[in-house]
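Welcome to this short tour of a protein chain. Take a moment with the sequence and the 3D view, and then let us walk through them together.

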Amino acid sequence: MLHVGLTGGIGTGKSTIAAMFAKRGAYVLDYDELSHYVVEPEKPAWRDIVDFFGPSILREDRTINRPRLGEIVFADADKRRQLQSFIYPRLGEEYARRIQEITQKDPNAIIMADVPLLIETGMKSMFEKIILVYATREQQLGRMTARNGFDLESATKRLNAQMPIEEKLQYADYVVHNTGSLAAAEEQVEGIWNELVSLSRQKTGTP
Ligand code: ADP
C-alpha cells in the first residue's frame, strides 16, 4: 500500500480535493470523522472522558458537549493533556484497524489520510508523501465565510490559530493549487494521482 497524507488550511478546499482523489480510487480516511467516532457514547475514550470530567459534560443524549469540554480544556493545559491522553491512543488504534481492513481487501491500496492539522501536530513522518491543498489567505477567508457562515472576524481568528499556509508549502511533496476553477484543480489531482499510482506500482513491483 501507499500511505499519503492530505492537508491544507481551513477553507482551502481540502475536502473537495479529497473527494476528487476518492473518485479515482483513493481510500480516504477522514481524521475529523475518526476523532468524533472514538468519543461516541460508550466507546472507550468516551468512558475515560466521562470518568474524568464528570457527567456534566454530557448532553441529554449522552453525547459529549464539545463546546463545554472545549471551554474547560482551553482554560487548563493539564486537563487538555489529560483529554488528549484519552483520545490519541484510541484514535491510533482505530486508524490502524481501518488501515488493516483496507489492505486486507486491497494490498495495493492508496490510502489517503485527510488530516487538517497534519503539519502542526507533527504527523508528517507517518506518511510516505504529503499533499498540500493551497489557496490564498483571501480565498480561505472567502470560502469560510461563504460556507460556514462565519463572519470575517471569527474566520480570521480561526485562520490565525493555524500555521500560515505559505509556511506549510515547504513540507509538501505535492501541492494542489486550488486557486482557480474546480476543473483546474481536477486536472492537478489527475496528474498527482497518476504519479501516486506509478509510485505504488514501483513499490509492489507491479508492471
Ligand atoms: P476545507 O475542507 O479545506 O475546509 P472545502 O473543501 O469544504 O474546504 O471547501 C470550502 C468551500 O469552498 C466549499 O464550499 C467548496 O465548495 C468551495 N470551493 C472549494 N474549492 C473551490 C474552487 N476551486 N472554486 C470555488 N469554490 C471552491
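## Before we start

In this report, two residues are in contact when heavy atoms of theirs lie within 4.5 Å. Please keep in mind that the model is predicted.

With that in hand, we can look at Leu69. Setting aside neighbours within four places in sequence, Leu69 is in contact with Ile49, Phe53, Ile57, Ile64 and Leu83.

## The chain as a whole

The chain is built from 9 helices and 5 strands. Starting at the N terminus, its elements follow the order β-α-β-α-α-α-α-β-β-α-α-α-β-α.

How far does the C-alpha trace of the chain span along its principal axes? The spans are about 55 × 45 × 30 Å. Taking contacts between residues at least 6 apart in sequence, 71% join residues at least 24 apart.

The largest nonpolar core holds 32 residues, and the members that touch the most others are Ile49, Phe53, Ile64, Leu69, Tyr95 and Phe127. Five elements each supply at least two residues of this core: α2 (31-37), α3 (44-53), α4 (66-74), α5 (77-105) and β3 (110-114). Which of them gives the most to this core? That is α5, with 7 residues.

## Where α4 meets α5

Two packed helices are described by the angle between their axes and the distance between the axes. For α4 and α5, the angle is about 125° and the axes are 6 Å apart. This makes α4 oblique to α5.

Which residues of the two helices meet? On the α4 side they are Leu69, Ile72, Val73 and Phe74, and on the α5 side Ala77, Lys79, Arg80 and Leu83. By type, the residues of this contact divide into 6 nonpolar, 2 charged and no polar.

Let us end with Asn65, in the loop between α3 and α4. Is Asn65 buried or exposed? Its relative accessible area is 12%, and buried means under 20%, so Asn65 is buried. Leaving out neighbours within four places in sequence, Asn65 is in contact with Ile57, Leu58 and Arg59. Ile57 is also among the residues in contact with Leu69.

Key: Residues numbered from 1 in each chain as written. Predicted model: local features only at pLDDT ≥ 70, side-chain atom pairs only at ≥ 80, totals over all residues. Heavy atoms only, no water. Core = buried A, V, L, I, M, F, W, Y, C linked by side-chain atoms within 4.5 Å. Buried < 20%, exposed > 50% of the residue type's maximum accessible area, 1.4 Å probe, protein only. Helix = DSSP H or I, 4+ residues; strand = E, 2+ residues; numbered from the N terminus. Axes fitted to C-alpha atoms, helices over the stretch in contact; angles between N-to-C directions. Parallel < 35°, antiparallel > 145°, perpendicular 65-115°, else oblique. Nonpolar A, V, L, I, M, F, W, Y, C, P; charged D, E, K, R; others polar.
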